[in-house]
Every structure is written in structure tokens, then in C-alpha cells.
Amino acid sequence: MFRSLIAALALLLPMPALADALIDNVNGVTLDEQGRQVRFTGILMTKDGVVTRLLKDGEKRPDRLDWRTDMKGKVVLPGFVDGHGHVMELGIRAYELDLSGAKSLDEALAMIKAYAAANPDRKWITGGGWNQEQWHLGRFPTAAELDAVVPDRPVWLARVDSHAGWANSAAMRLAGVTAKTAAPAGGQIIRGAAAAPSGIFVDAARALITKAVPEPNQRDRNAAFLKAQEILLSYGVTATSDMGTSLDDWMLYRRMGDIGQLRVRIISYGLGVETAVRIGGTGPTPWLYADHLRLSGVKLYADGALGSRGAWLKAPYSDAPGQSGQGFMSDDVIRNLMSRAALDHLQVAVHAIGDKANAQVLSAIESMTDTYTGDRRWRIEHAQIVDPADLSRFGQHGIIASMQPVHETSDRQMAEARLGQARLAGSYAWASMLKNGAHLAFGTDYPVESPNPFMGWAAGFTRQGPDGEPAGGWQPQEKLDFFQAWYAYTQGAAYAGFAEDKFGRLAVGQRADFIIVDRDPTQVTPEDLRKTQVLETWVGGEQVWVRK
């Protein structure tokens, strides 16, 4: 009530005679703290890019300004905040072979062969994005199939979810992998005849191959970051959580900040407790470079992914009765790691996809809340498959369900096959999360999915893919409304990273992070919402990207 009174009094104050900058003549729309629509026609801001007032139609503009920009009636929205992405992977993938468009194994093999021929100097052929579920194979691809198109060089290709990789025989030879090689804890080697590795390595077993793959040099990494940043800004993403920041990644972000090239805002979660402690020292870092970079916490993994059957389930997979996935940590280990992070007030974000993994993380949180009090904002990343009996537990202890709407539209048919109808009630359960009191943050998990937030926004309130299927939406009881989905992609994701006081909406005291788009999202169909194009992106009152 006190905050509302202060806001009301502020509206009665006279307009200041001098303001620094004005973005004028806009068709602006944002959400307030309660998720209600707010319309405006101008943005007043300081020279440091902080909003001082949203102007309504007909309100008098200041007489004296440092500068003014007339947007000629274009639509302005707050910048999107992606609650879960992988910045460097996005950039690196952009320079590698992209198989995300392959609709069959034959098409993928043709793309691999063409890429190898076009890049004769590459010692390794690397890339990713393949999805055997789209190929309707009923199995994983094999090394032999890769050997047929690239016999002379090692090949390593990540599955679309990055939880499995596909190697050819040359790659396995260089890595020293044979039939006698044992899978490490938390990993699986898919085997063929005589226990020979088939070429597919799941979760922790990927390291058996990746240890032999040459690391990009610093010049290539710089280029990859700048490419990732450009991609994000082009989709209107002005801030992102970076899930699994390595020490090298952090140093690169710092270098970019030092030379003034860090445009997108990054909320960093270190890859494991050791990395987070090495970066933060005694806890989260302060915000750096005018609120462009902060280490908030640590990223942990409780299980793998549904597509590679690495998600940890309470009961066996419906399409693989002998498998239930596997947990990456015992109960004692995950609690010790979470406790170590919480001791230094590092925020904990745990990847959990299967219902057993989600239950494990929930139990770990519940066991620690009496010890680690205060505003912890425990994060569960993905929370895709949850036992309905556990949904109410998400509403306790300030837990954040960090979810990705595009995973539902991409995964729904696979999820039906993996889980069977009986287990779908708690799957991708966005509405149930809110009803049970959880905080909901949306993201894309790029580069697993495109970082385009308009696709996820539309999925959030339709439960349909770009093809409009299925009619009425998949598990339609879990639809959000239009504004709830938008809120989760902006303020919800900012709150998840302890950044709601800095960005996520356009309001007094917030950073002036906004985008110019080619249509009013509140006035279009879901199909047209998905087609929205960003024309300009502004971060902190500075234009940082323009469509050419």
C-alpha cells in the first residue's frame, strides 16, 4: 500500500523543467508489477538510461532535453528476459554445422557430407541440433552411418538437447574409446554388437569424446560471443540467465565489459560450485558494467534429458520398459553441494527434468530451508515431468519453476511415447505451477531451441506449435493467459535472477531496455504473434541493434 501511495503522489508532481532524454511518439505497452497492461506514448529517461517517467497521450513533454527521438508511432515493448540459455553455446553453434533443420537421417547425412566437403581444412567436423525423434527412426543413429559420409576425419555432433552426442569411428579412435571402455557415473554408452560403442554417448559419457575435441581459441570464442549477442538482441532479448558459465566464459564477459562491447545483460550461474566460488569468491558478485553482468549463483544437474532417456523417472519409460533414466547425484551429494553454495548465499539452480529428479531436488530444498533462511529463490530448471502429488511442493519456500514453453511444443509427441498417458498430468504444467504458488520464469534453453521469445510466448497461452497443432492445445488445462505468459518472459525471468528492481518492465527506476517491433502483440492472433519482427533493440537507453 505504501508503495502504491508513493507512486500515486509521484503522478501529481509537476513535470521537471529539464530531463535528459525522451523516446517520443510511441505506441508503448508494458506490464506493471501485478501483470496489468500499461499504455504510454513516451519514455523519459536519464543520461544513464534509467526511466524517470512513462508519458501518456496528451501529456506535456519537457521543454529542454539533451536529446529526443521520434519513433513515429511505432510499437514499443520492454525487452525480453530469457530465464534459461547458454550464451557461448549459442555463438559456437552458429559457426558449426547446424542439423536442426534435418527432417530425416538421410537429409542429415547429406548435410554432414556437404559441410565436410565445403570445409576441407577443419580437422574435426563439429556441430549439433539433430533429433532422432524427428527422423522417426525408432533408434539412435550410428557411427557406421557417419563413417559412410565422413570416413577420413573425426566427427562429433551434439543432439538437440546437448545431453547426447554422435561420434564416428575416427572420433572414437582418437578418443581411445573401445568396447572395453566403461561408461562413467551419470553417463551411458549406447552399444551395438559385441558391446561395441554404437557412436552415441549420453550425458557424462560425452566427456569420453569431448576430451579429444580441440577447444576454440580465444579469437574464435570472442567471435562466438559477439555472434550470440547479436542473435539475442535481434530477437529482442535484452537480458538472459546464462546457465553453466565456465571460468573462461566469465573472463570473456569481463573482457567484453572492459572494452564496452557487452550489450546484452547476463545473469550468470557458474558451472558447478567450484566454478561459482572461483568467480564470486565469497558469494555473488555485485552488478558490473552498469548492470550488464552479475554472478548470481550455481548451476547443478540432477538428471539428463527426455529425448535421450536420461531424465530420471519414478517408473520405467513406457517405450523402454527396462530404463528409468538415472540421477546424477545421490541425495547426500546434491544436498552437500546445495548447502555449500547456500553457505555463501549463491543462488542454487538445479536442472531436473524427470519426476524422480524433481522430487529429489524438492526434498533437498525442504531439508535446508530451516538452516538457510531469507530470500533464497531456489530454482528448478525445466521442471518438465512432475508427479502431480509433488506440484504443491513447488509453492513452498519461494521456489522458482524455470520453464521453457517451446519444449512442450517440440516434445509433446515424444513425451507421450516416453511417458504414456497416465504420467502427462504433471508434464509442462505451467498453470498448475502458478496455481500452487510457484514463481514462474520462462526462457528458451537456446541453442536447444531458438531464442525467439515470440514463439514461446504464443506457446504459453495456446499450448500449440507453429503449425497450430493440436487443435485446442496439448493438455489445455495447463494454458496460461496472454499476459501471464508475457509476464513470465519478462518480470518473471528477471525476478528469478534477483533483477526485478533493475529490468523486466518499463517503469520509473527501471533500466530503459526496450524493443521496437512491427506489430502490437495485444492486437494479433497467435500465428501473427509468432511472426513478430524486432526492428530495433535498446539497452539502457542506447540503441544496440537495428534490423537492416
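Residues are numbered from 1 along each chain as its sequence is written, and side-chain values use heavy atoms, with hydrogens and water left out. Because the model is predicted, local features need pLDDT of at least 70 and side-chain atom pairs count only at pLDDT 80 or more, whereas totals for chains, interfaces and linings use all residues.

The secondary structure of the protein chain comprises 18 helices and 22 strands (DSSP runs numbered from the N terminus; helices are H or I of at least four residues, strands E of at least two). The C-alpha trace spans about 80 × 55 × 50 Å along its principal axes. For 548 residues, a compact globule would have a radius of gyration near 24 Å, and the value of 24 Å for the protein chain agrees (taken over C-alpha atoms; the rule is 2.2 Å times the number of residues to the power 0.38). Of the 548 residues, 57% count as buried (under 20% relative accessible area, with exposed over 50% and partly exposed in between; 1.4 Å probe, protein chains only). Among contacts (heavy atoms within 4.5 Å) with a separation of 6 or more, 72% join residues 24 or more positions apart.

The largest nonpolar core contains 95 residues, and those with the most contacts inside it are Leu306, Met338, Phe394 and Trp457. Such a core is a set of buried Ala, Val, Leu, Ile, Met, Phe, Trp, Tyr and Cys residues joined through side-chain atoms within 4.5 Å. Beyond its neighbours within four places in sequence, Leu306 contacts residues including Tyr317, Ile353, Met414 and Tyr428. A second, separate core of 23 residues includes Ala108, Leu109, Tyr115 and Leu146.

An open sheet of 6 strands has the order S7-S8-S9-S10-S12-S11 and mixed pairing (two strands pair if DSSP finds at least two bridges between them). Strands S7 (97–98) and S11 (187–191) are its edges, each pairing on one side only. Strands S8 (residues 125–130) and S9 (residues 155–159) run parallel and are joined by 5 bridges; Thr126 stands opposite Trp156 in S9.

In helix H10 (residues 273–280), Val273, Thr275, Ala276, Ile279 and Gly280 are buried. Seen down the helix axis, the buried residues of H10 fall within an arc of 165°, so they line one face (the arc is that of the directions from the axis to the C-beta atoms). Glu274 and Arg278, on the other side of H10, are exposed. The cover over the buried residues of H10 includes strand S14 (265–271) and helix H11 (331–343). Just after H10, Gly281 takes a positive phi of about 75°.
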